[in-house]
Amino acid sequence: MQQGDALSNDVSRLLNQHNTAVALHACGDLHTHLISQCCNSAQAIKQLAVAPCCYHLTADDIYQPLSKAEQGSLLSLDRQDLKIPLQETVTGGQRVSRLRDIELHWRLSFDFLRQSLTGETRYKPLPAFPKKLLSGEFNDFVLWTLINRELLSDNHDSDNLPFNEREMSQALTEGAEKLLVVRKLEWLQSHFRRVLEIWLVADRAYAIVDSGSHRIFSK
Ligand SMILES: C[S@@+](CC[C@H](N)C(=O)[O-])C[C@H]1O[C@@H](n2cnc3c(N)ncnc32)[C@H](O)[C@@H]1O
């Protein structure tokens, strides 16, 4: 087995009739670049085994189809659209999906508090945070987030937050209402999940056909 850098043109030295190129769960540009390398290589390879993932992890702001058929398409996909096929949770179970609900609810609720504190009215996504916070209280999550956002100094604790009980509970209510709207939008998007993934996978397959599979593969 030889490891190659899928993003480097140097990987072409590994692409020959004795080698099978394998890229499992290769994110975005990793697998598209490898496929393009195989298509453009002067030498045929033995086989190519690719399991694409994370279509949105790409340098292009707008998706650039690989195949002639899809280059003619009017579909214009940005990174947010390219995340849609990944939205289906096939692993994880009930606990994971319950924590994901809490996370989204608290993120949205926190945003109401942040807006009232800063006067900013646009939603500002939070960075990743320690997931153990989700098993605790909303107050502790708010404290961690305010400190992380440098809206509070780190000598505070969750008993002296700059919000009273009524404001905290109102934020949770507003967050719950927003969560409902988000879930409805996700439901709408979910109908495009499968068809979009098939479109993206077909684009990769057509790119190989365009380059002539008899030329790319040694047998
Ligand atoms: C989502 S993980 C998949 C890991 C494993 N193949 C699997 O299926 O579970 C993506 C992998 O791509 C590797 N990777 C990142 N950049 C790379 C590059 N430029 N060339 C090749 N592999 C790379 C990472 O080290 C990581 O192991």
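## Ligand shell

Strand 1 (residues 20-27) gives the most to the shell around the ligand, contributing three residues, where strands (E, at least two residues) and helices (H or I, at least four) are DSSP runs numbered from the N terminus. This is a predicted model, in which local features need pLDDT of at least 70 and side-chain atom pairs count only at pLDDT 80 or more, while totals for chains, interfaces and linings use all residues. Residues are numbered from 1 along each chain as its sequence is written, and side-chain values use heavy atoms, with hydrogens and water left out.

Around the ligand stand G4, D5, A6, L7, L24, H25, C27 and L30, each with a heavy atom within 4 Å of it. Five of the shell residues are nonpolar, two are polar and one is charged, on a scheme that counts Ala, Val, Leu, Ile, Met, Phe, Trp, Tyr, Cys and Pro as nonpolar, Asp, Glu, Lys and Arg as charged, and the others, Gly among them, as polar.

## Polar contacts and cover

An N or O atom in the side chain of D5 is 2.7 Å from a nitrogen atom of the ligand, and a backbone N or O atom of L24 lies 3.0 Å from a ligand nitrogen atom. For H25, a polar side-chain atom lies 2.6 Å from an oxygen atom of the ligand. Of the 590 Å² of accessible area that the ligand has on its own, the protein covers 42%, by the Shrake-Rupley method with a 1.4 Å probe.

## Strand pairing

Strand 1 and strand 2 (residues 47-53) run parallel and are joined by seven bridges, pairing being assigned if DSSP finds at least two bridges between two strands. T20 stands opposite Q47 in strand 2, and A26 has P52 of strand 2 as its bridge partner.

Notes. Polar contact = N/O pair within 3.5 Å; in protein donor to acceptor, adjacent residues only side chain to side chain.
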